[in-house]
Amino acid sequence: MEQKVIGFFQCIGWRSHPFQGLQKEYDNIQIGYKKPRGGSLTQDQKDFNRELSRSRVVCENAFAGVKRYGAVSAIYRNRVANFDDHLMLTATGLWNFYLMAA
């Protein structure tokens, strides 16, 4: 089974229904279609939702892999400027390297 290497910043644009206000603020947000009350979705809308769900699963797996490095998921109390960004970039780089080596 082929694993897709995906970076942290590629996952930002996929959101689910609780984040409906974000598409007004950002251009790159994709939200799936809801079934209308008493109606049904078209096949194209169902296909779009299915593809969005597949991409969301890849992103959730990437976030889970990055969180395996405890420094990313723990409370961070360092006051060095931009160190949290470097920490996240290092963790995502290590996770992508793990996926390429596996």
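**Figure 1. Four helices and zero strands make up the secondary structure of the chain.** The model is predicted. From the N terminus on, the elements run α-α-α-α. The chain has 102 residues, and buried residues make up 20% of them. Among contacts with a separation of 6 or more, 40% join residues 24 or more positions apart.

**Figure 2. Helix 2 packs against helix 4.** Two packed helices are described by the angle between their axes and the distance between the axes. Here helix 2 spans residues 43-67 and helix 4 spans residues 83-101. Their angle is about 110 degrees, and their axes lie 9 Å apart. Helix 2 is therefore roughly perpendicular to helix 4, as angles from 65 to 115 degrees count as such. The crossing of the two helices is right-handed.

**Figure 3. Residues of helix 2 and helix 4 at their contact.** Helix 2 contributes Asn61, Ala62, Gly65 and Val66. Helix 4 contributes Met88, Ala91, Thr92 and Trp95. By class, five of the residues in this contact are nonpolar and three are polar. No charged residue takes part.

**Figure 4. The largest nonpolar core, with five residues.** In soluble globular proteins, nonpolar side chains tend to be buried together. The members of this core are Ala62, Val66, Ala91, Trp95 and Leu99. Helix 2 and helix 4 each supply at least two of the core residues. Helix 4 gives the most, with three residues.

**Figure 5. Surroundings of alanine 91.** Alanine 91 belongs to the largest nonpolar core. Which residues does alanine 91 touch, not counting residues up to four places away in sequence? They are Val66, Tyr69 and Val72.

**Figure 6. Asparagine 82, a residue other than glycine with a positive phi.** Most residues other than glycine have a negative phi. Phi of asparagine 82 is near 65 degrees. Where is asparagine 82 found? The residue sits in the loop between helix 3 (70-73) and helix 4. Is asparagine 82 buried or partly exposed? Its relative accessible area is 49%, so asparagine 82 counts as partly exposed; the cut-off for exposed is over 50%.

Notes:
Residues numbered from 1 in each chain as written. Predicted model: local features only at pLDDT ≥ 70, side-chain atom pairs only at ≥ 80, totals over all residues. Heavy atoms only, no water. Axes fitted to C-alpha atoms, helices over the stretch in contact; angles between N-to-C directions. Parallel < 35°, antiparallel > 145°, perpendicular 65-115°, else oblique. Left-handed = near helix turned anticlockwise from the far one by under 90°. Contact = heavy atoms within 4.5 Å. Nonpolar A, V, L, I, M, F, W, Y, C, P; charged D, E, K, R; others polar. Buried < 20%, exposed > 50% of the residue type's maximum accessible area, 1.4 Å probe, protein only. Core = buried A, V, L, I, M, F, W, Y, C linked by side-chain atoms within 4.5 Å.
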